Amino acid sequence: MKICIQGGLVLNPATNLEEITNLYIENGQVEFIGEKDSSGYEIIDASGKWVMPGLVDIHVHLREPGFTHKETIETGCLAAAKGGVTTICPMPNTEPVIDNECIVEYVNTMTKRANGVNVIPIGAITKGQKGEELASIGNMKQAGICAISDDGKTVMNSSVMKKAMIYANDFDLPIFSHAEDMNLIGGTMNAGENATLFGVKGLGREAEEIIIARDMILARYTKSHIHICHVSTRGGVELIGFGKTFGINITAETAPHYFILDDSILFDYDSNKKMNPPLRTKDDVEAIKMALKNGIIDNIATDHAPHHYDEKRQPIEAAPFGIVGLETSFALSYTYLVKTGILSPLELIEKMSTKPANIIKIDKGNIDVGKIADIVIVDVNKKYTIDSKDFVSKGKNTPFNGMEVFGVIEKTLVNGKIIYENSINCN
Amino acid sequence: MSKDFLGIKDLDKNAIMTIIELAKQKKQEIFNNSFRKKILKDKTLVTLFYENSTRTKISFSVAGQYTGMNVSDLDVATSSVQKGESLIDTAVTLDQMGINYIILRHQQTGAPHLISKYVKASVINAGDGSNEHPTQALLDFFTIYEKKSSFKGLNVTIIGDINNSRVARSNVIGLKKLGANVTFSGPTTLLSKGMEVLGAKVSYDLKDAIRNADVIMGLRVQLERQSGMFPSLREYANIYGISSDLFTLAQKEAILMHPAPVNRGVELTSELVDSSASVINDQVTNGVAVRMAILELLQFGGF
């Protein structure tokens, strides 16, 4: 099938393209960008809209196998497509843990049954995420993983972590660090003034910063690529900035909630505002925004963490950590970073597509001629109110309910095929 | 007027004084059966305690009985909670039986706030996590008011495990509204830097904290919540324990309070607990009076 996306603002950070033009797709690839005869092409009118590479979210939880009451690969992929995300990397904290090639192949099989969104799993660093013995990292790489992580936990034994980093180099795999000192856990929200005022147990920023520092030092000596997940603190940003100037191979991500929300909103003990790392202070939020602007933070991921209704319907201290993000990440990021002038449109897309693709070394996040046509058409002028009842994810746990945002995903294409079309908000 | 009683945070000065004034009357009924007005006759109250308690639970029970209510206790240890029933489902079940008051103690902050949204019954917070213990604070206010007749400019010093103490939190929130000066003292591991945001002065020098105090409140060293925050009970008693000698630094007519149970010889010496300055037993009686007042006011929209 041949498609011509006509008259949209084509945005491609990889080639610094930002131009109202046509984009032609053939055989699942971008065939031509510019003006030419479009007869024989199915026409998609994109006038007034953005045409950009599909988003690459390198930090999600799809909960399958093991926790399919929270989410499945199928529903997670539906949520991704609806959010304009064409590639997702699920974390290995499933049951069983993705710590060997069989489980990777299981994820691959379930992915084939889903809607076409690219799912590239992240393997565990250690068997069962226990932090003791190395997982089957090489075999998992052959089965298709793009990184290793014990996300949700930290490999506390520095000797095991160092070994993993050295071994990962053989397979050219980045290590994704959850960055939390497991001896400093036990709280529910950011330790600080608001936790004191609300009487909720705190989680200190030092838990994050200690492990960022440790993993950076290990990466320096092992010369491996360390990627810091969900950076939430000013101190974390400062450390990563230091690491980068020091020549350490370090990249870092944050998530929309860390540059939009702060811990003052937890006054009502709403468990949908509970995630790990927790929402920090206004000062941290400012630091995260600056780090996105100056490049210390490389990319935006969601840490999409669906939980069941019953699990979140508990006192906040008993409810599990995590919020969903796939269906809201673009609109939130556009509204709070581009509309506010912090990032240019190209810079935003770079952080949500091009850079994360580079981090996991895949040939995506680029819609230049000859590249795979993973493309999203979005109406950034269209405003809507976030309502979790509209989510296609099984998880409805979001702190953003009721928030007005700009940016409706109109169409999502993977390999040149339309896998999602907006019908609800069509004018 | 709220249907629930969740925290001192929600009360203004007038509401607190209304409760104290009514508690004064209610106190007459406690030791004199014939005075009891049974004003809440035929109403029902259930105590739902997920944490251990002696005096708070029994105090609510007798307050319910003295006001004429039918009182039940849901024994969490032998209830469907052990079959995994959720907190909300348990509360809704009680609500569907027509219960008028659910008295909840829970180890997690915000638990009473959560169930209050799902039930018609009045939810009373009998202690949630490390957040609030509002009825304890009110009995403390009543006791202070009885002995000192005013809060204005009064120096109240609270000593001990402030970080884990919902009693200290509810006290400081209310005492500030009433015009008293509150000082916290204790080891830094139990009294984090930054606790000033609650409105108290923080002093790590015990003598300095006790000097010129009108009210000294010891807090129980919560053995069940400690994980090596200080080296030993012996060391705690030696450095942070309040003895009669230390107590002499306080104002002449100073009173000694404690939410009890007291670890005698740890946070307070036995001698001091049993001294004439101690109002710990008055606090117990006042607890019943205050709870009677709150139960009545919730029913009749008095605050």
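These legends describe close-up views of a predicted model.

**View 1. The contact between chain A and chain B.** Chain A contributes 15 residues to the contact, and chain B contributes 21 residues. Together the two chains bury about 1,400 Å². Carbon and sulfur atoms account for 56% of that area. On the chain A side, the residues that lose the most area to chain B are Y269(A), R313(A) and P315(A). These three residues make up 40% of what chain A buries here.

**View 2. Polar and charged groups between chain A and chain B.** Six residue pairs are in polar contact across the interface of chain A and chain B, with both residues at pLDDT 80 or more. Salt bridges between the two chains number zero. The side of chain A that touches chain B does hold five charged residues. Seven nonpolar and three polar residues complete that side.

**View 3. The cysteine C77(A).** The structure has zero disulfides over all chains. For C77(A), the closest cysteine sulfur belongs to C89(A). The two sulfurs are 11 Å apart, so they are too far from each other for a bond; the cut-off is 2.5 Å. C77(A) is buried, at a relative accessible area of 0%.

**View 4. The cysteine C229(A).** C229(A) takes part in no disulfide. Its nearest cysteine sulfur is that of C89(A), 11 Å away. The relative accessibility of C229(A) is 1%, so this residue counts as buried; the limit is under 20%.

Notes
Residues are numbered from 1 along each chain as its sequence is written. Chains are lettered from A and ligands numbered from 1 in the order in which they are written. This is a predicted model: local features need pLDDT of at least 70, side-chain atom pairs count only at pLDDT 80 or more; totals for chains, interfaces and linings use all residues. Side-chain values use heavy atoms; hydrogens and water are left out. Contact means heavy atoms within 4.5 Å. Buried area is the accessible area (1.4 Å probe) that two parts lose on being put together, summed over both. A salt bridge is a side-chain nitrogen of Lys or Arg within 4 Å of a carboxyl oxygen of Asp or Glu. A polar contact is a pair of N or O atoms within 3.5 Å; within protein, one must be able to donate a hydrogen and the other to accept it, and residues adjacent in sequence count only if both atoms are side-chain atoms. Ala, Val, Leu, Ile, Met, Phe, Trp, Tyr, Cys and Pro count as nonpolar, Asp, Glu, Lys and Arg as charged, and the others, Gly among them, as polar. Buried means under 20% relative accessible area, exposed over 50%, partly exposed in between (1.4 Å probe, protein chains only).
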